[in-house]
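Hi there,

Here is the structure I promised to pass on.

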Amino acid sequence: MTSLLAVVFFLLWHSTPQISWPLWSHYAETFVHEDGRVVDPDRDELTTSEGQSYAMLFALIANDPLRFDLIYRWTQDHLAENSLKENLPAWSWGRKPDGTWGIKDSNSASDADMWIAYDLIQAGRLWRHPDYTSTGEGLLKQIARREVADVHGSPALLPGKTGFVHNGTVVLNPSYMPIFLLHAAARAQPAGPWIAMAASLPSLLHKGSIAGFAADWLEVSPDGTVRPIPAPDSNATMAIGSYDAIRIYLWSGITSPGASGRNAVLNELSGMAAYMRTHSAPPESVTDGQSIITAAGPISYSAALIPFLLASQAPEAAARQQRRLNSAWSSQTGLYGQPPRYYDQNLSMFTLGYLEHRYRIDNTGELEVSWQR
């Protein structure tokens, strides 16, 4: 039976050709090794579970099953002790202090875990590959068991399996909880905590807002008080909204307009929408007092905000960011920025794939791709 499934999947791969997505091709040539490892050249060729998860999604959108499988297999073999169904992947792999290569930090990153589970479940459905579906569902069960905590009566996704609960105080990263991923998880695992988690997200963003801007990190005390805090692994003294929080705007923008909770999330991000109506570039960071630390964020910020601004009924602001993004494209590399930065390409691919109608996410979180028949 296994051999028959392998033959059917092989025929399916070769009967549905990879669609042309030049940005994905250039991205893969630059950042994805032949064995399926995704690297960040600016961080000593570091590999993260997040990078693996995003590349799997982009390969699925591009109908590139061979590369998808390579990325998935590398992730499973090197980050998850050969089983994503049974183990949460380590979040970082690279050159260690002694010069050898391997896992640098065995803790997990729940946002990547959610994306990997999503990628596998959606790939299983779209490519009719039950092994992917089974592995994705197994990983989702691991997430629910090991990375979810009760936070003042509501389930919340911890940033990782260890280190984020201290004497009843819980640290959260709201960018780890795209509402459509929670909806999709609920569809795959109806008995899980996902619907309740999605329902509590707007309130979490509201209580942890920085003057209408999203915060990178939040702390929930035992009495239910929510406040923005500095990143747990930093020496910063003030809470900010920056490289983590920018994804919250992106996720809200690509969420289906009919999805439950989408408009409530948009409402909690009104500070950024108002700011962008009168400014040519997004701020790199905002503090608790809405003080702009860096006036112009990187090109990835402009990319991330385009779907959000369109969803927020700010088309002129979206057009300004589209022009800024377009101006950063390099005909030499086919990528964005000089030199092309890993993070810039990831957020740009989410946005451009969306704007070019290469994918959509429906009301229940299911992925729709342009190559579907």
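In the largest cavity, α9 supplies the largest share of the lining, three residues (helices are DSSP runs of H or I with at least four residues, strands runs of E with at least two, numbered from the N terminus). This is a predicted model, where local features need pLDDT of at least 70 and side-chain atom pairs count only at pLDDT 80 or more, while totals for chains, interfaces and linings use all residues. Residues are numbered from 1 along each chain as its sequence is written, and side-chain values use heavy atoms, with hydrogens and water left out.

A cavity here is a set of points on a 1 Å grid over the protein atoms alone where a 1.4 Å probe fits but cannot get out, and lining residues have an atom within 4 Å of a point. Points are joined across faces, edges and corners, and the volume is the space filled by probe spheres set on them. Three cavities reach 30 Å³ or more.

The largest has a volume of about 90 Å³. Besides α9 (246–254), both α8 (194–207) and α10 (262–267) give at least two residues to its lining. Trp251, Ser252 and Arg262 are among the lining residues, which divide into nine nonpolar, two polar and one charged (nonpolar: Ala, Val, Leu, Ile, Met, Phe, Trp, Tyr, Cys and Pro; charged: Asp, Glu, Lys and Arg; polar: the others, Gly among them).

The second largest cavity holds about 70 Å³. Its lining draws two or more residues from each of α5 (110–126) and α7 (179–188), with α5 giving the most, five.

Best wishes

Methods. 1 Å grid on protein atoms, 1.4 Å probe; cavity = no way out; pocket = protein on both sides within 12 Å on 5 of 7 lines; lining within 4 Å.
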